[in-house]
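The terms are given with their cut-offs as they come up.

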Amino acid sequence: MKNFLVCVTLSLCTCGPSNELDRSKISEWAQGSINSHELMSLLRESEAQIDFNDPDSALQEIKERVRRRVIENELERIAPSLGLNLTKTRLQVERSVAMDIFHDELASNSISDDDLRRQYEARQDDFKNPARRLTLHYFKRGSNRDTLKAAVKKFRGRLDSGETFQSLAYELSDSTSRHQKGQLGWIRESDVPSAIWSVISSLPMGELSQPIYSNEGVHLFLVKDHMAEFHINFEDARKRLIKELRFEQLRTSRNSRLSEMTIEHDFWCISADVLSQDTQLDRSHVIMRSNDYELTSADLNLLVSEATKYGWRNNFNDLVDFLKAREVIYFNFVDRLNEPAIKNLVRKGMTSWIHTNTRQRLLKKCVTDDMLLEYFRLNQDKYETELELKLDLLNFPCPLRIDPNYLMGHLEDAASHELSSDEFNALTQMLEIKPLDIGWNTVWQAGTHYPGPLAYITSLKPGWMTPPLFRNNRYIAVYASARKEPVLRSLEEVKSEVLIDFVNSNCDALIEDLENELINQSQMHTYDENIQSFISSLKTPLPQPNN
């Protein structure tokens, strides 16, 4: 007997059970049933294939698909009792479908090679990678030239005797780069003062530079590797250009279409200024209202995700613009909601959302307080408050009248010992720089201001400053005036967080238990003999799909 497969939308459309089995009952449960005719529709919906050459395997596969359908029906049935707002969900899904179809219909693929080449030629700087040098650095602080010369002679002598630059820099250097064994990483011209770059860029590979003396001390450099400046060629830039041009075409077309559209029903949206001023809105705070559709701050994450999908940037102004544009698009789309294809997209979106959210709520109901307490005890370190530091930020270009090495020397010296707040203020006044009070920061928040190793931040004690960095011709450091150590929170404080973590870490087992309970409650019964008759009643083997 030839092998044959049931394939979605093709092969199942060309065959079916014999007439006498069209309404044979396949399965029934308290709230419904499936007959052989409905089973055929169910199989058409799935992209997975069934090998009917193996009746036993086909029987088990069909039973599992029927079981999944019963579970889905049960989830849909109990969704309202769990407090899920199905009306809001439908309105949200309709808007998402409207946005998808609107953008699909605007999409254009007509981008010629001439268009791409014009863009490529006009944006040469975008496709240029500047020269880089992998650089090592040694610095000895001091003002006595003879002492500094002796330090250089000692360093060079030990290097010539076989010791590595990295080990010597770690042992002898007074620069903050000693923490990375003298490694500055890949240096570009924009990363260092021009006088330093002229030395680094002219150094032969592996050769120690001549000593560079400043008011603060002496510097030595060594280049381990280099990358010459190069341009990304047209063919390598093609995919990026196509993506950017299509996006620009889409945005231009969208703006043109939106300018022609109007909205006539009641619509209100929070202003970007209010949204940006109060980013910690209560989850029930209304941010948009349109007829019977309302969004709250609890929906912000979903909105940001959808906005960025269509090319709006992740900021408050763009988020508000997105909400307004989406509502205009939806209002002009409403008349198409009864089109069969669109109704099917909305139905699928609703089904997916209901199943996901109903399952999540049911899973949480399955968890007992004892389960949570045990999980909390085993994972207490996850529920500590974060380390917080009260910081002042230094981020400034080198003043023209101050020698860069002199300035760096003072900053490095300040980072080497504790400073009172008065001493820190005196330092900034002497260097003619104004620190920015950035308040309390977690380590990760501080890391967005200070691009150095996070270990420099976590180790900060009150009265200490991080080693200064030089990035893009700016000096950067942070000074800590206070520190809050992590504290273990109580279970009551973090119960919702612990619940989510517990469900996620035990998801598979909980879902299995939940689905078995739903099947038991449904009183489902499957008629194996009718399924077997359904399988054997297929008139002819189904053709193999073409590869």
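A disulfide is taken here as a pair of cysteine sulfur atoms within 2.5 Å. By that criterion, a search of the whole structure returns 0 disulfides. C366 takes part in none, and its nearest cysteine sulfur, that of C507, is 11 Å away, which is too far for a bond. With relative accessible area computed for protein chains only with a 1.4 Å probe, where buried means under 20%, exposed over 50% and partly exposed in between, C366 counts as partly exposed at 33%, and C507 is likewise partly exposed, at 24%.

The model is predicted, so that local features need pLDDT of at least 70 and side-chain atom pairs count only at pLDDT 80 or more, whereas totals for chains, interfaces and linings use all residues. Residues are numbered from 1 along each chain as its sequence is written, and side-chain values use heavy atoms, with hydrogens and water left out.

Helices (H or I, at least four residues) and strands (E, at least two) are DSSP runs numbered from the N terminus. S27 belongs to strand β2, residues 25–29, and is buried, with a relative accessible area of 0%. A polar atom of the S27 side chain lies 3.0 Å from the backbone oxygen of H525. Leaving aside residues up to four places away in sequence, S27 touches (heavy atoms within 4.5 Å) S33, I34, V66, M524, H525, T526 and Y527.

Rings of Phe, Tyr and Trp (its six-membered ring) pair if their centres lie within 6.5 Å, and planes under 30 degrees apart count as stacked, over 60 as edge-to-face and the rest as tilted. The count under this rule is 10 aromatic pairs. One of them, F396 with Y475, is stacked, with centres 5.6 Å apart and planes at 25 degrees. F396 lies in strand β14 (residues 388–397) and Y475 in strand β17 (residues 474–484), so this pair ties together parts 79 residues apart in sequence. F424 and Y479 are also stacked, at 4.0 Å centre to centre and 5 degrees between the planes; F424 lies in helix α15 (residues 421–430) and Y479 in strand β17, so the pair ties together parts 55 residues apart in sequence.

| Residue | Relative accessible area | Class |
|---|---|---|
| F396 | 8% | buried |
| Y475 | 2% | buried |
| F424 | 2% | buried |
| Y479 | 3% | buried |

Y120, F127 and F234 form one aromatic cluster. A charge sits over a ring if NZ of Lys or CZ of Arg is within 6 Å of the ring centre and within 35 degrees of the ring normal. The charged end of R117 sits over the F234 ring, 4.0 Å from its centre, and that of R95 over the Y330 ring, 3.9 Å from its centre.

Terms used. Polar contact = N/O pair within 3.5 Å; in protein donor to acceptor, adjacent residues only side chain to side chain.
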